[in-house]
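Try each task before reading its solution.

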Amino acid sequence: MRDIKVFFSDIFRKPPILFPLVAVFHVVCLVVSLISLIQQPGSATGLEVAWMLGYTLFWVGVADLRKWGALGYIGTTVVSIVVWYMAYAHGHRALDGSPIFIIDILFCFFIMFYFKRFR
């Protein structure tokens, strides 16, 4: 088991620079969603915060080059796309989908490109 200092140094030292930057992006999006939910309850839903929490946790696994993080992130993105499509197909706005799912699709391509380096 690694201690927290070694864990964070591994996250910023081992993977390509894109992975830790995206991890910081996800943390910032999660914090913004939480602040938005607390300050203005109508502006963000609890489901939006849950999406961002899932994406953030899985991307931390990706930044540590773990396969569970990569597969979880890709799976979460697929579920988000299905939720968005089902809402769109039935004529509803996709309020239940991830707020940044289009960007997450791009991040999935980066994961697939580097997947052989994951353990």
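**Exercise 1.** Find how many salt bridges the structure holds and which residues form them.

*Solution.* 
Step 1. A salt bridge here is a side-chain nitrogen of Lys or Arg within 4 Å of a carboxyl oxygen of Asp or Glu, and the structure holds 2 of them. This is a predicted model, where local features need pLDDT of at least 70, side-chain atom pairs count only at pLDDT 80 or more, and totals for chains, interfaces and linings use all residues. Residues are numbered from 1 along each chain as its sequence is written, and side-chain values use heavy atoms, with hydrogens and water left out.

Step 2. K14 pairs with D64, with 3.4 Å between the closest N and O atoms. K14 lies in the loop between α1 (4–13) and α2 (18–39), while D64 lies in the loop between α3 (46–63) and α4 (67–89), 50 residues apart. (Helices are DSSP runs of H or I, at least four residues, numbered from the N terminus.)

Step 3. D64 also meets R66 in a salt bridge, at 3.1 Å from N to O.

**Exercise 2.** Decide whether K14, D64 and R66 are buried, partly exposed or exposed.

*Solution.* 
Step 1. Buried means under 20% relative accessible area, exposed over 50%, and partly exposed in between (1.4 Å probe, protein chains only).

Step 2. D64 has 3%, so D64 is buried.

Step 3. K14, at 27%, is partly exposed, and R66, at 23%, is partly exposed too.

Terms used. Helix = DSSP H or I, 4+ residues; strand = E, 2+ residues; numbered from the N terminus.
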